[in-house]
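I opened the model to look up the ligand site first, then a helix and some strands. My notes follow in that order.

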Amino acid sequence: MPVPAEAAARYRAEGYWRDETLGELLRGWASAYGASTAIVAGERGLTYAELDAEADDLAAGLREIGIGAGDRVVVHLPNRAELVTVLFALARLGAVPVLALPAHRRTEIEHFARLSDAVAYLIPDVHEGHDHRPLAGELLAEVDSLRHVLVAGEPGPFTALADLAARGAAARARTAGAEEPPTAGPTAADVAVLLISGGTTGKPKLIPRTHQDYAYNARASAEVCGLSAADVYLAALPAAHNFPLACPGILGTLGVGGTVVLAPVPSPDVAFGLVARHRVTVTALVPPLARLWVEAAAWERADLSSLRLLQVGGAKLDEELARRVTPALGCALQQVFGMAEGLLNYTRLDDPDELVFTTQGRPLAAADEVRVVDSAGADVAPGEVGELWTRGPYTIRGYYRAAAHNATAFSPDGYYRSGDLVRQLPTGHLVVEGRVKDVINRAGESVATGELEDHLLGHSAITQAAVVGLADETLGESICAVVTLSPGGELTLAALRGYLVERGVARFKLPDRLVALDTLPLTAVGKIDKKELRGRLER
Ligand code: OOB
């Protein structure tokens, strides 16, 4: 689904799109910052020059086994150096990674491999106690397009990435001095990565991001965060996700000559040590993790003094938690409301505190077009709640191989219908109010779950809240409040309803059921997983 020629010409003329690919960009960074440390993973450190050379070796090795321009490769790696080297190697070949998340399992991986006709599947040997090789063997036998399983670590019956890189290095040595083979690399308009949609319904979609749009995404995000060569970015979230990868994340940090530290897991017990050891200045978290960090900072003895910025996004950050970030962690807070489909909203470093605490930021680019519309697709009055529609220089015009879905997910004039309910302030900042599909229809009345969740979080005994609609014979849907409670906290349904009435919440919005859990289920990137909750409670 290409961007119409007129808009494309404008994005080029206005400097959003440059004639650059991720592979070429790394070449430039290596010549500018060659001896600086680009990546730290465990005990391993890679300079920019080493990263550049390793990407070349791997690209040559991949080429040796027949992987080339346009081929899709399902990349299923945790936060290890190989994830970064492979991304650049594939970029140089014009091959396209499908960026699966570590928590994905057979259902998702098989779907990605079949949908993309992937030729290779790239896995770690064992990660977090899970051996990835048996499933890889099954998929290799079952998915027709798959020809290779490549392993970061012990390969078992498959091919080790390290061997492939060595083979590539040897091939490169053989041809050194000879004329560079006239391999046609990708162009800036080609697809660089296929990201996974965070969609809450149906099977995950693949999101084609081009070299030029993704390069802009990372570069502009780095600018908004004031990133420089002095910054050390901790990739705590799974690095295959858009947020830690390019908002500004890994790519944005490398673009300014900074250092990326890859955390194997995002929990404070591991991550705090990395912050102290590597003098981390910036990181990004989803709200449930931000809560853990804020709480852990009170009792973990770790030197977090290097941190200057914590980005929080991926799901709504409640105001009360937002206000605790700076006192607890000693760094500034930035809210990020983004989507793999493109549009990114950031609170700015010089925004007044109130905007940082109570909004999810404003669009990154002047060329981002944002509409807030009602169910008929008409603009709502300024400040009213409606669905966010957007198009712009780094927002897709269609999902990959999804013609039927695209017909409804995008407007005829190319706006992405995000499904997010928002209101926009006069400053341009957006406040996320929930999801269109997350409205419960109880006995004919509409109840926005986001609004109710905000009220629940105002209760002193409640630490986390998710409101879900459950199928109900008489009501159509009933309202179920699922919460976690603060230590020693107690709550009954009657007391909760009384509290909500006192806050002026209409009676038809009161929960029919209250469920207190020790922990809420999380998605692959760590957001509260309502789909899973609903399934569990309806069983
Ligand atoms: C990020 O990307 P995805 O693709 O995993 O999820 C996108 C969806 C949005 O449509 C929205 O429903 C929700 O996640 N979301 C937020 C939010 N940030 C994302 N909802 C409320 N407040 C926020 N701050 O999640 C993502 C991509 C790039 C940067 C940051 C997050």
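Helices here are DSSP runs of H or I with at least four residues, strands are runs of E with at least two, and both are numbered from the N terminus. β16 has the largest share of the shell, four residues.

I note the basis of these entries. This is a predicted model, in which local features need pLDDT of at least 70, side-chain atom pairs count only at pLDDT 80 or more, and totals for chains, interfaces and linings use all residues. Residues are numbered from 1 along each chain as its sequence is written, and side-chain values use heavy atoms, with hydrogens and water left out.

I counted the shell next: 20 residues surround the ligand, and His-241, Val-336, Ala-340, Asp-420 and Lys-527 are the closest. By class I found nine nonpolar, seven polar and four charged residues. Nonpolar covers Ala, Val, Leu, Ile, Met, Phe, Trp, Tyr, Cys and Pro; charged covers Asp, Glu, Lys and Arg; the others, Gly among them, are polar.

A side-chain N or O atom of His-241 is 2.9 Å from a ligand oxygen. A polar backbone atom of Ala-340 is 2.9 Å from an oxygen atom of the ligand. For Lys-316, a backbone N or O atom lies 3.4 Å from a ligand nitrogen. The ligand taken alone exposes 600 Å², and the protein buries 93% of that (Shrake-Rupley areas, 1.4 Å probe).

I turned to β8 (residues 148-152). Five of its five residues are buried, so the strand is largely enclosed by the rest of the structure. Buried means under 20% relative accessible area, with a 1.4 Å probe and protein chains only. His-148, Leu-150 and Ala-152 point one way, Val-149 and Val-151 the other.

I traced its partners, taking strands as paired if DSSP finds at least two bridges between them. β5 (residues 120-124) runs parallel to β8 with five bridges, and Tyr-121 stands opposite Val-149. β9 (residues 159-160) is joined to β8 by two bridges, also parallel; there Thr-159 is the bridge partner of Leu-150.

Last, I looked at helix α4 (residues 81-93). 13 of its 13 residues are buried, so α4 is largely enclosed by the rest of the structure. Gly-94 follows α4 and has a positive phi, near 80°.

Conventions. Near = heavy atom within 4 Å. Polar contact = N/O pair within 3.5 Å; in protein donor to acceptor, adjacent residues only side chain to side chain. Buried < 20%, exposed > 50% of the residue type's maximum accessible area, 1.4 Å probe, protein only.
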